[in-house]
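Here are a few notes to read alongside the structure. Take them in any order you like.

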Amino acid sequence: MLSNQEVAEELLGKFGSQVFDFEEPYGLLTLSTTREEILTVLEFIKEHNHFQISFLTDLTGVQYPDKTGQEFMVVYHLHSFVHNFRIRIKVSIPEADIHIPTVTGLWESANWMERETYDFYGILFDGHPNLKRILNIEEMDYFPMRKEYPLEDATREDKIDALFGR
Amino acid sequence: MADIELLPHQVPANAELPELVEELTTLNLGPTHPATHGIFQNILKMDGEKIVSGEQTIGYIHRAFEKIAERRPYYQITTLTDRMNYCSSPINNLGWHMTMEKFLEVQVPKRAQYIRVIMMELARISDHIICNSILGVDTGAFTGFLYVMQKREEIYEIYEEVCGARLTTNMGRLGGMERDLSHTAVQKIKDFIKTFPPVLRELEKLLNRNRIFMDRTIKVGAISTERALSYGFTGPNLRATGLDYDVRVMNPYSSYEDFEFDIPVGQHGDTYDRYMVRNEEMWQSLKIVEQAINNLPEGPYYADAPEYYLPPKDEVYNSMEALIYHFKIVMGEIDAPAGEIYHAVEGGNGELGFYMISDGGRAPYRLHFRRPSFIYYQAYPEMCKGSSLSDAILTMSSLNVIAGELDA
């Protein structure tokens with residue numbers, strides 16, 4: 001069995017200040033890194049002889065419009081079947097330069113997950129073999145999951161939160 | 001016999017022949033072809049009967065569940081989840097409840113956990129019934145499909161008895177189940193345990209050692225464990241390649257550790273192995289249901305979590321606290337703490353994950369569904385490359401890609 005401590009120490013020893021913001025929400029080791037290092041970090045834990053955290057469970061995007069310079073975030077969930085160990089890695093990127101390297105070279109499954117993230121958030125995965133929309137129509141000219149597109153009609157006046165005491 | 005004068009055979013010179021043009025045919029399989037079992041399109045490049053390459057177009061029934069969820073109170077998201085894998089909705093519903101329970105640290109009583117296990121395993125059976133019997137239909141054996149459909153009907157009747165709905169079940173509540181197992185439900189489940197094995201055995205007799213079925217499925221659409229892992233396979237499709245990864249065993253939830261069951265694995269990852277793994281999984285699920293119903297613990301069927309679990313109606317009418325909680329829950333006034341969580345359950349097709357970020361409001365800040373079908377369906381062109389069109393249809397139906405889960 002791997003412990004969060006063990007993996008965190010190994011990563012800190014290898015990458016130093018390039019990995020930061022260690023957390024353990026609900027026991028799941030969570031850490032952040034930079035987009036310059038993300039490929040090396042993922043490759044390191046994937047190819048690590050002991051860890052073998054080699055399964056990409058999930059890849060998705062999140063938007064934090066209020067965090068200037070870190071408006072978007074890509075979240076990777078990885079899993080080691082050998083040790084039954086999960087890890088979550090986050091990378092923040094600015095809206096002005098919305099690029100991140102693709103991980104399709106490491107996992108085939110990243111292909112569609114990155115396309116989905118691009119489709120909904122407009123995050124550009126550099127080096128992706130086929131980065132185009134996947135679930136929405138290709139003619140769409142906006143990225144619908146962004147927070148600037150509220151789900152309900154903003155002009156409606158009968159659904160003001162204040163009326164419901166929120 | 002008269003002498004026949006043989007005329008010298010005239011061979012035309014090469015220059016006189018029309019130039020042979022080698023051309024690939026483009027074939028549009030789908031989006032509404034009955035053989036694709038759902039709305040997705042495959043644009044195939046065909047060399048005669050052989051598939052050279054394929055490209056999928058998906059998203060025909062995309063309904064933006066993740067976006068809708070950002071606006072909905074937590075308990076209203078359940079109805080979104082059962083529209084994902086609609087062949088086994090209870091797993092989706094209960095998976096979502098378990099995510100929220102883990103997030104809010106609500107302790108669910110044993111009885112509710114056992115009822116959930118029963119419902120989830122019945123859902124798995126109904127999921128696999130469809131997949132395997134449709135696979136039979138695609139190879140030309142229609143009878144088995146109609147025969148086992150009757151059993152799925154019985155499972156749906158059990159759902160009806162437990163939650164009132166059949167397909168989009170909205171089963172369970174945050175903290176437990178919405179009602180206890182009724183006497184009829186228990187009886188129906190016990191009847192099902194008795195009457196299902198002979199039917200499944202007959203389906204096995206029809207297909208397992210059937211020469212035609214074996215010829216059509218063995219070595220068709222095979223994938224190696226390495227490729228399957230790279231493509232993010234989970235569930236029966238991954239187990240068919242020989243790896244025994246099952247969320248129920250690796251990260252047990254809802255008391256799965258209490259039950260005795262095996263994880264069947266295949267060897268070659270081909271269509272036949274996927275069929276056999278699903279078949280055996282039905283036996284194992286039945287075993288789990290039997291153990292759970294026989295050892296069903298007594299006690300409450302919902303957690304003591306008044307902030308999240310709707311109070312009984314007579315209390316709402318007669319007690320102030322219950323009325324307040326009822327109002328707050330129904331109006332979605334209950335705020336969740338800030339935080340993030342990933343929780344996975346073993347869905348009909350593999351690891352069904354919920355990644356939820358809360359900023360402390362009444363609705364999730366971000367909710368992402370890890371849909372197994374969406375992730376492994378990208379391997380389809382590789383799996384059917386070089387095979388004939390009719391084999392590709394089998395590969396697709398044995399992958400059990402559910403359009404609702406694919407597009408979310």
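**Notes on the model**

1. B:Glu298 sits in chain B, in the loop between α11 (271-294) and α12 (313-318); helices (H or I, at least four residues) and strands (E, at least two) are DSSP runs, numbered from the N terminus. B:Glu298 counts as exposed because it has 7 other C-beta atoms within 10 Å. The cut-offs are 20 or more such atoms for buried, 12 or fewer for exposed and partly exposed in between, with C-beta atoms placed from the backbone. The C-alpha atoms of B:Glu298 and B:Ala112 are 9.7 Å apart, though 186 residues separate the two along the chain.

2. A word on the basis: this is a predicted model, where local features need pLDDT of at least 70 and side-chain atom pairs count only at pLDDT 80 or more, while totals for chains, interfaces and linings use all residues. Residues are numbered from 1 along each chain as its sequence is written, with chains lettered from A and ligands numbered from 1 in the order in which they are written.

3. Which residues does B:Ile118 touch, leaving aside neighbours within four places in sequence? They are B:Ile189, B:Val289, B:Ala292 and B:Ile293, contact meaning C-beta atoms, placed from the backbone, within 7 Å.

4. Finally, the contact between chains takes 26 residues from chain A and 31 residues from chain B. On the chain A side, β3(A) gives the largest share, six residues.

Note on methods. Two residues are in contact if their C-beta atoms, placed from the backbone, lie within 7 Å.
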